[in-house]
Amino acid sequence: MRRPRIILSIAVTAILALGAIPGPATLEAAGSAGTQLFVTPNKISFRMGPPPSTAVCEVTIHVVAPGRAPWRLTVQALGPLQSPKGSQVPSSRVTWKGTPGHVFFDGTLSDKHPQLLGRGQGSKTGVVRFLLKNSWDLATGRFNQKFIFNLSSP
């Protein structure tokens, strides 16, 4: 008999604030009784300095899976980062580095397709550092967008 596939999604609001101070960290969880995903914080902010600086925002990801149950985690932006004034930053300008590297991978954000962020068996915890390089073509201000983290387990 085949077990049902479990799919979980968590929306995380990403806020790119050029010169803003990051907000408080909070916890969001989703999942069935067997598999859970925790992403902390659930709102992220980048503090951007003048070019050619790189803003960094760190999130902790904790996957709780019973025994050695396999799982796969993807992330996708719901569009470009957008400012209230109408300016946009393509989501592909945001990259990430995942640790530990054998579970959480490096990648580039997309608003077109989910990108593989991690894969493993059983419960795992890692850190993902989202990076945004400032260059002279970025408008100043605050940019918002939601990221969807999708955890699936067969």
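The mean pLDDT of the protein chain is 79, and 76% of its residues reach 70 or more. The model is a predicted one.

Strand β1, residues 6-17, has the lowest mean pLDDT, at 43. Strand β10 has the highest, at 98. Over residues 1-11 the pLDDT is below 50. That stretch still has 38 contacts in the model beyond near neighbours in sequence. Residues 14-32 also stay under 50. For residues 14-32 the model has 65 contacts beyond four places in sequence.

Now the overall layout. The protein chain has 0 helices and 13 strands. Read from the N terminus on, its elements run β-β-β-β-β-β-β-β-β-β-β-β-β. The chain counts 154 residues, and 41% of them are buried. It exposes about 8,100 Å². Carbon and sulfur atoms supply 55% of that area.

Next comes the interior. In soluble globular proteins, nonpolar side chains tend to be buried together. The largest nonpolar core here has 29 residues. Ile61, Leu73, Phe130 and Phe149 touch the most other members. Several elements give two or more residues to this core: β3 (36-40), β5 (54-64), β6 (70-77), β9 (94-99), β12 and β13.

Take Ile61 as one of the core members named above. Residues up to four places away in sequence are set aside here. Ile61 then touches Leu37, Phe38, Leu73 and Phe104, among others. Its contacts also include Leu117, Lys124, Thr125, Gly126, Val128 and Phe149.

Phe130 leads on to the aromatic rings. The structure holds 3 aromatic pairs. One of them joins Phe130 and Phe147: the ring centres are 5.6 Å apart and the planes stand at 55°, so the pair is tilted. Phe130 lies in strand β12 (residues 124-133) and Phe147 in strand β13 (residues 142-153), so the pair ties together parts that are 17 residues apart in sequence. Both Phe130 and Phe147 are buried. Ring pairs also bring in Trp96, linking Trp96, Phe130 and Phe147 into a cluster.

Strand β6 deserves a stop too. Thr74 sits in this strand. Its relative accessibility is 8%, so Thr74 counts as buried.

Leaving out residues up to four places away in sequence, Gly120 touches Ala69, Pro70 and Trp71. Gly120 and Ala69 are 51 residues apart along the chain, and their C-alpha atoms are separated by 8.3 Å.

Gln121 is in strand β11 as well. A polar contact of 2.7 Å joins the side chains of Gln121 and Arg68. Gln121 and Pro70 are 51 residues apart in sequence, yet their C-alpha atoms are 4.1 Å apart in space.

The last stop is a loop. Where does Ser110 lie? Ser110 lies in the loop between β10 (107-108) and β11 (115-121). Is Ser110 buried or exposed? At 13% relative accessibility, Ser110 counts as buried. Its side chain reaches the backbone nitrogen of His113 at 3.2 Å. Setting aside neighbours within four places in sequence, Ser110 is in contact with Gln76, Ala77, Ser91 and Gln115.

Conventions: Residues are numbered from 1 along each chain as its sequence is written. This is a predicted model: local features need pLDDT of at least 70, side-chain atom pairs count only at pLDDT 80 or more; totals for chains, interfaces and linings use all residues. Side-chain values use heavy atoms; hydrogens and water are left out. Rings of Phe, Tyr and Trp (its six-membered ring) pair if their centres lie within 6.5 Å; planes under 30 degrees apart count as stacked, over 60 as edge-to-face and the rest as tilted. Helices (H or I, at least four residues) and strands (E, at least two) are DSSP runs, numbered from the N terminus. Buried means under 20% relative accessible area, exposed over 50%, partly exposed in between (1.4 Å probe, protein chains only). A polar contact is a pair of N or O atoms within 3.5 Å; within protein, one must be able to donate a hydrogen and the other to accept it, and residues adjacent in sequence count only if both atoms are side-chain atoms. Contact means heavy atoms within 4.5 Å. pLDDT is the predictor's confidence in each residue, from 0 to 100. A nonpolar core is a set of buried Ala, Val, Leu, Ile, Met, Phe, Trp, Tyr and Cys residues joined through side-chain atoms within 4.5 Å. Accessible areas come from the Shrake-Rupley method with a 1.4 Å probe; for residues, only the protein chains shown count as cover.
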